[in-house]
Amino acid sequence: MPLGYQGSYQRVRAYFREKRTSPNPITARPPSPRVVAGWILRRPETLPEIDHLRLKAVLVHCPELDALTTHVRSFAQMLTERQGEQLHG
């Protein structure tokens, strides 16, 4: 058998038929914390549309990350536009 698989074609076919009809669909793995941090730290206008949608999906499920994203982007705007007077001390 190629690659050492000892099972039959029918067994593989039954496995995939079971997955297709399963009430629990196969879902994609969640993004890693490093990937999410990268999305948050990038300029929103440079983020590809697919990554923007993925970040939005993460933020919907985590209000703490949503608040953090707002703070990070506000701080970045203050730094890039030299608006230091807006810092509260």
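Which residues line the largest pocket? I started my notes there.

**Ground rules.** I am working with a predicted model, where local features need pLDDT of at least 70, side-chain atom pairs count only at pLDDT 80 or more, and totals for chains, interfaces and linings use all residues. Numbering runs from 1 along each chain as its sequence is written, and side-chain values use heavy atoms, with hydrogens and water left out.

**Pocket.** I found Ile40, Leu41, Arg42, Arg43, Pro44, Glu45, Val72, Arg73, Ala76, Gln77 and Thr80 in the lining of the largest pocket. Helix H2 (33–41) and helix H4 (63–80) are the elements giving two or more residues to that lining, and H4 gives the most, with five. I noted about 210 Å³ of space in this pocket. My note on terms: on a 1 Å grid over the protein atoms alone, a pocket is an open set of points where a 1.4 Å probe fits, with protein on both sides within 12 Å along at least five of seven lines, and lining residues have an atom within 4 Å of a point. The volume is the space filled by probe spheres set on the points, which are joined across faces, edges and corners.

**Whole chain.** I looked up the secondary structure and got four helices and zero strands. Helices here are DSSP runs (H or I, at least four residues) and strands are runs of E (at least two), numbered from the N terminus. Of the 89 residues, 12% count as buried; buried means under 20% relative accessible area, exposed over 50%, and partly exposed in between (1.4 Å probe, protein chains only).

**Thr69.** I checked this residue in helix H4. Thr69 counts as buried because its relative accessibility is 4%. Beyond its neighbours within four places in sequence, Thr69 is in contact with Ile40 and Leu59, where contact means heavy atoms within 4.5 Å.

**Salt bridges.** How many does a search of the whole structure find? I got two, taking a salt bridge as a side-chain nitrogen of Lys or Arg within 4 Å of a carboxyl oxygen of Asp or Glu. One joins the side chains of Glu45 and Arg43 (3.7 Å, N to O). Glu45 is exposed at 59% relative accessibility, while Arg43 is partly exposed at 48%. Asp51 and Arg54 also meet in a salt bridge (3.5 Å, N to O). These two are separated by about one helical turn, because they sit three residues apart in helix H3 (residues 49–61). I have Asp51 down as buried at 15% and Arg54 as partly exposed at 43%.
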